[in-house]
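Work through the exercises below with the structure open. Try each task before reading its solution.

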Amino acid sequence: MERIKEIKEIISSAPGLVEFSDYGDGTSEEWIHKAETRLGFSLPESYKWWLRQYSGGEIHGEEIYSIFEIDFDNVLEGDIVYMYELYQKQEKYKRNMLVVSETDEDVFYFNLQKKNKADDFPVYALSSKQPYAEDFIDFLKKRIVKQTENN
């Protein structure tokens, strides 16, 4: 729980840089379940925590894919289900790569074949094909701290 407290503080201390929904205004369990059913696999636990609490948003203008709570056949860019299905049709990324953010710097994705010790999925950077963060909470922390240092 200490990690949760820390990331909440980091997010709240970066207004203007971090633009998420208000804490507690997140994605419903119903839509998370619909997304997992449509994808055919469970989303990482740390990512689901963020969805439930913040729903979606950007870090310094870099979108993090979320669940828009709109029929997946009618939604456009930015919804993680829509983007995953689009990338599969385009054969842009492997099936085990669930892209969560595309930035000018890199493409960040969950490697669905690499569960970590906490039974969650690390976030990888496409450029190196190496882990960038141990999980989604660590990813948020690194992205926010990096952007804070750059501004």
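A residue counts as buried when its relative accessible area is under 20%. The model used here is predicted.

**Exercise 1. Classify Trp50: is Trp50 buried or exposed?**

Step 1. Take the relative accessible area of Trp50, which is 0%.
Step 2. Compare with the cut-off: buried means under 20%.
Step 3. Trp50 is therefore buried.
Step 4. Repeat for Phe20. Its relative accessible area is 13%, so Phe20 is buried.

**Exercise 2. Find how many aromatic pairs the structure holds, then classify the pair Phe20 and Trp50.**

Step 1. The count is 17 aromatic pairs.
Step 2. In the pair of Phe20 and Trp50, the ring centres are 5.3 Å apart.
Step 3. The ring planes stand at 75 degrees. Planes over 60 degrees apart count as edge-to-face, so this pair is edge-to-face.
Step 4. Phe20 belongs to strand 1 and Trp50 to helix 3 (residues 45-54), so the pair ties together parts 30 residues apart in sequence.
Step 5. Widen the view. Phe20 and Trp50 belong to one aromatic cluster, whose members include Tyr47, Phe108 and Phe139.

**Exercise 3. Classify the aromatic pair of Tyr109 and Tyr124.**

Step 1. The centre-to-centre distance is 5.7 Å, with 25 degrees between the planes.
Step 2. Planes under 30 degrees apart count as stacked, and the pair of Tyr109 and Tyr124 is stacked.
Step 3. Tyr109 sits in strand 5 (residues 107-111) and Tyr124 in strand 6 (residues 123-125), so this pair ties together parts 15 residues apart in sequence.
Step 4. Both Tyr109 and Tyr124 are buried.

**Exercise 4. Describe the open sheet of three strands.**

Step 1. The strand order is 1-2-3, and the pairing is antiparallel.
Step 2. Strand 1 (18-20) and strand 3 are the edge strands, each pairing on one side only.
Step 3. From one strand to the next, the twist averages 25 degrees.
Step 4. Strand 1 and strand 2 (residues 57-59) pair over three bridges. Val18 stands opposite Ile59 in strand 2.

**Exercise 5. Which residues line the largest cavity?**

Step 1. A search of the whole structure finds one cavity of 30 Å³ or more. The largest cavity holds about 30 Å³ of space.
Step 2. Its lining is Ile59, Glu62, Ile64, Ser101, Thr103, Phe139 and Arg143.
Step 3. Sort the lining by class: three nonpolar, two polar and two charged residues.
Step 4. Strand 3 (62-64) and helix 5 (136-150) each supply at least two of the lining residues.

Technical notes: Residues are numbered from 1 along each chain as its sequence is written. This is a predicted model: local features need pLDDT of at least 70, side-chain atom pairs count only at pLDDT 80 or more; totals for chains, interfaces and linings use all residues. Side-chain values use heavy atoms; hydrogens and water are left out. On a 1 Å grid over the protein atoms alone, a cavity is a set of points where a 1.4 Å probe fits but cannot get out, and a pocket is an open set with protein on both sides within 12 Å along at least five of seven lines; lining residues have an atom within 4 Å of a point. Grid points are joined across faces, edges and corners, and a volume is the space filled by probe spheres set on the points. Helices (H or I, at least four residues) and strands (E, at least two) are DSSP runs, numbered from the N terminus. Ala, Val, Leu, Ile, Met, Phe, Trp, Tyr, Cys and Pro count as nonpolar, Asp, Glu, Lys and Arg as charged, and the others, Gly among them, as polar. Two strands pair if DSSP finds at least two bridges between them. Axes are lines fitted to C-alpha atoms, for helices over the stretch in contact, and angles run from 0 to 180 degrees between N-to-C directions. Rings of Phe, Tyr and Trp (its six-membered ring) pair if their centres lie within 6.5 Å; planes under 30 degrees apart count as stacked, over 60 as edge-to-face and the rest as tilted. Buried means under 20% relative accessible area, exposed over 50%, partly exposed in between (1.4 Å probe, protein chains only).
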